[in-house]
Number of protein chains: 2
Amino acid sequence: MEVSKSIASWEVLEDREVFTAPPWIKLSRQRIRLPDGREIDDFHYIHLTDYTLVVAQVPDGRFIMERQYKHGVGRVSLTPPAGGIAAGEDPLRAAQRELLEETGYEADSWQHLGRFACNANYGCGNAHVFTCRDARKVAEPDSGDLEDMEIVLLTEEELRRAFHDGGIAALGAVAAVALALNDALRG
Amino acid sequence: MEVSKSIASWEVLEDREVFTAPPWIKLSRQRIRLPDGREIDDFHYIHLTDYTLVVAQVPDGRFIMERQYKHGVGRVSLTPPAGGIAAGEDPLRAAQRELLEETGYEADSWQHLGRFACNANYGCGNAHVFTCRDARKVAEPDSGDLEDMEIVLLTEEELRRAFHDGGIAALGAVAAVALALNDALRG
């Protein structure tokens, strides 16, 4: 790609907390200076907990997915194991912990597919996407989450089909699975 | 996939607005009844504007991408054309409007790859992902957005490379591009 244009960052002149629901949510109202000198008085930045998404495969190649009601989605759908990163916790450690807590599986070989801001305008925390292979069951699930869930092992074909019938309904889930199924993007 | 377990939705007993920045952001504090009868007093739901993401290709196959600073990301990165859906606007119409406004391109052949909740817990609006082919330039860009941007045409190889050097940094952008590059997921 030829880059021909210099693009400057925005400058935050002031950041004032306007809503908080600790430890989950914090909203700031920011005063911003744009590169052209204009000032914006009321740009809102939404701080949410960073989280991990884990696309895990068992030795026969099937994917460990969770069928659950998620309130942000408003219905039952499929999602890879996912969960918040505790303050100071290493994202890979958090991913391994969530996989074990939610599904009872462990794996040795992990790959980090990237860290992505959940909302390009407001922030909304970052999602860290991981894959792992040869996961094996070592314990019973014990997530402590509010959600009731069913753990399902899906073939790649079943996972692809889930895209087309709306079975994967959250943006993080679809990003993680689409990245994991796309070998060329795994590098 | 064999579904063996019945999973119930949560019931919203009360929904109280606790923060608003019209017309962009609204936060509700909800009282929830879980399927097992437990009640949660302070579940927060974040209402953000639904938006579209458009992965558009010109006749030679290159992808129309935007290089810009996005404040939620905190740095310059690549994103497909994207923008908010106006109240009552059809998502496809919004996608076509955003493509034209931001890039000056139009296309006839469109595909809807899905509608995804931006945050599985909090909502945060929905992202509608579209692709289109044979886009042709019919006007000069005139987005009216705060962001300064450069429009770049990237080959599939360049786009794939952008994943690996962190060039695509927002979750919606990565989901849209990963879906569009994955023929088997396009159906």
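Strands β9(A) and β10(A) form a hairpin in which three residues lie between them; strands here are DSSP E runs of at least two residues and helices are H or I runs of at least four, both numbered from the N terminus. The model is predicted, so that local features need pLDDT of at least 70 and side-chain atom pairs count only at pLDDT 80 or more, whereas totals for chains, interfaces and linings use all residues. Residues are numbered from 1 along each chain as its sequence is written, and chains are lettered from A and ligands numbered from 1 in the order in which they are written.

Strand β9 (residues 109–119) of chain A pairs with β10(A) in the antiparallel sense over nine bridges, two strands being counted as paired if DSSP finds at least two bridges between them. Within this pairing, Q111(A) stands opposite T131(A) of β10(A). Strand β4 (residues 51–56) of chain A runs parallel to β10(A), and six bridges join the two; T52(A) has H128(A) of β10(A) as its bridge partner. Strand β10 (residues 123–133) of chain A is largely enclosed by the rest of the structure, because 10 of its 11 residues are buried. A residue is termed buried if 20 or more other C-beta atoms, placed from the backbone, lie within 10 Å of its own.

In chain B, three strands form an open antiparallel sheet in the order β6-β5-β12. Its edge strands, β6 (75–79) and β12 (149–154) of chain B, each pair on one side only. The twist from one strand to the next averages 25°, as given by angles, from 0 to 180 degrees, between the N-to-C directions of lines fitted to C-alpha atoms. Strand β5 (residues 63–70) of chain B is joined to β6(B) by five bridges in the antiparallel sense, and E66(B) stands opposite T79(B) of β6(B).

Chain B is superposed on chain A by a rotation of 180° with 0.0 Å of shift along its axis (RMSD 0.0 Å), which is the relation of a two-fold axis. The superposition is by least squares on the C-alpha atoms of residues with pLDDT of at least 70 in both copies. Among the residues of chain B, A175(B) comes closest to the rotation axis, at 2.0 Å (C-alpha).

Between the chains, 64 residues of chain B are in contact with 65 residues of chain A, contact requiring C-beta atoms, placed from the backbone, within 7 Å. Helix α3 (residues 171–181) of chain B supplies the largest share of the side of chain B that touches chain A, eight residues.

Note on methods
Contact = placed C-beta atoms within 7 Å. Buried ≥ 20, exposed ≤ 12 C-beta atoms within 10 Å, placed from the backbone.
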